[in-house]
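Subject: Structure for you to look at

Hello,

Here is the structure I said I would pass on. My notes on the sheet and the helices follow below it.

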Amino acid sequence: MFNKNNNKNCLIRILLADDEKAYVNVLSNRLAKRGIDSVKTYSGTEAIQNLRANDFDVAVIDLKMEDMDGIEVLKIFKKMDPNIEVIILTGHGSETAAMEGIQFGAFDYLIKPCDFDELVEKIKTAHQKKLYKQLTRQ
């Protein structure tokens with residue numbers, strides 16, 4: 001569970017959603033080594049429950065999860081928090097799915113296995129986009 005009190009030095013609040021538990025755990029550990037703290041969820045339902053209880057800047061969600069399609073999770077996320085930036089990460093990529101994700105507001109789309117440095121840069125860029133949107137609304 002994301003604990004805001006333990007993340008004073010964390011600038012990016014990230015939610016990971018993927019039913020491949022080992023992948024999520026490795027990704028979370030690698031992100032932590034880059035100073036990015038994350039909340040791990042292993043289903044679309046769990047991700048939605050976490051978004052209801054916490055604020056996140058960026059979400060990285062799998063396209064194909066057992067309980068929900070990543071596009072459906074994206075749509076729900078955007079209704080719950082229109083400002084959250086979502087990166088779709090999948091091993092089942094297709095141009096159609098990528099275009100659908102972008103159409104529904106995804107920040108970007110990466111295909112597994114993706115370059116970790118590229119993913120970190122996309123997360124940072126998505127975070128900067130969210131900050132810019134917040135500043136221009138004020």
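A59 stands opposite V86 in β4. Please keep in mind that this is a predicted model.

That pair belongs to the contact between β3 (residues 58-62) and β4, two parallel strands joined by five bridges. Another pair there is V58 with its bridge partner E85 in β4.

β4 (residues 85-90) has six of its six residues buried, so the strand is largely enclosed by the rest of the structure. E85, I87 and L89 point one way from the strand, while V86, I88 and T90 point the other way. In a regular strand, side chains alternate between the two faces of the sheet.

The whole sheet is open and has five strands, in the order β2-β1-β3-β4-β5, with parallel pairing. β2 (38-41) and β5 (108-111) stand at the edges with a single partner strand each, so one side of each has no neighbour in the sheet. On average, neighbouring strands are turned by 20° against each other, direction ignored.

Two helices lie against these strands. α5 packs on the sheet, where it touches β1, β3, β4 and β5, and its direction makes about 160° with that of β4. α2 (residues 44-53) lies across β1 (14-17) and β2, running at about 140° to β2.

α5 (residues 116-137) also packs against α1 (residues 21-33), at an angle of about 70° and with the axes 12 Å apart. That makes α1 roughly perpendicular to α5. The crossing is right-handed. L27, R30 and L31 of α1 make the contact with F116, L119, V120 and I123 of α5. Of these residues, six are nonpolar, none is polar and one is charged.

Regards

Notes
Residues numbered from 1 in each chain as written. Predicted model: local features only at pLDDT ≥ 70, side-chain atom pairs only at ≥ 80, totals over all residues. Heavy atoms only, no water. Axes fitted to C-alpha atoms, helices over the stretch in contact; angles between N-to-C directions. Helix = DSSP H or I, 4+ residues; strand = E, 2+ residues; numbered from the N terminus. Parallel < 35°, antiparallel > 145°, perpendicular 65-115°, else oblique. Left-handed = near helix turned anticlockwise from the far one by under 90°. Contact = heavy atoms within 4.5 Å. Nonpolar A, V, L, I, M, F, W, Y, C, P; charged D, E, K, R; others polar. Buried < 20%, exposed > 50% of the residue type's maximum accessible area, 1.4 Å probe, protein only. Pairing = 2+ DSSP bridges.
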